[in-house]
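Please look over the sequence and the structure shown here before reading the report that follows.

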Amino acid sequence: PKDRGELVRSVVPGQPAERAGIQQGDVILRVGGREVTPDETASFLIANVTPGTRVPIEIIRDGRRQTLNATVAQRPTEEELARIS
């Protein structure tokens, strides 16, 4: 539907998204059963989950819906992300 979902622009190697199987180009539709919208982005929804919690993430890849499970971790600082990239 219009204004739903969020395109994955990049995935940081070794981080929870990659370990869950999320790939660049996927569209995230739901996080923990909540719809991804312009007001509730994927990052916002994930940031409100306690680190260490496993959460289902519904995506569309190659036109097919699927659900992946990710274990939420503490977000790296911008400095840490810069070193990884």
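## Strands and their pairing

Two strands pair if DSSP finds at least two bridges between them, and helices (H or I, at least four residues) and strands (E, at least two) are DSSP runs, numbered from the N terminus. This is a predicted model, in which local features need pLDDT of at least 70, side-chain atom pairs count only at pLDDT 80 or more, and totals for chains, interfaces and linings use all residues. Residues are numbered from 1 along each chain as its sequence is written, and side-chain values use heavy atoms, with hydrogens and water left out.

Strand β1 (residues 6–7) pairs with β2 in the antiparallel sense over 2 bridges, and here E6 stands opposite I28 in β2. Strands β2 and β4 also run antiparallel, joined by 4 bridges, and I28 has I59 as its bridge partner in β4.

## The hairpin of β2 and β3

Between β2 and β3 there are 2 bridges in the antiparallel sense, with R30 opposite E35 in β3. This hairpin has 2 residues between its strands, and G32 takes a positive phi near 60 degrees.

## The nonpolar core

A nonpolar core is a set of buried Ala, Val, Leu, Ile, Met, Phe, Trp, Tyr and Cys residues joined through side-chain atoms within 4.5 Å, where buried means under 20% relative accessible area, with a 1.4 Å probe and protein chains only. The largest such core has 15 residues, and those with the most contacts inside it are I28, V31, V36 and I57. Its largest share, 3 residues, comes from β4.

Terms used
Buried means under 20% relative accessible area, exposed over 50%, partly exposed in between (1.4 Å probe, protein chains only).
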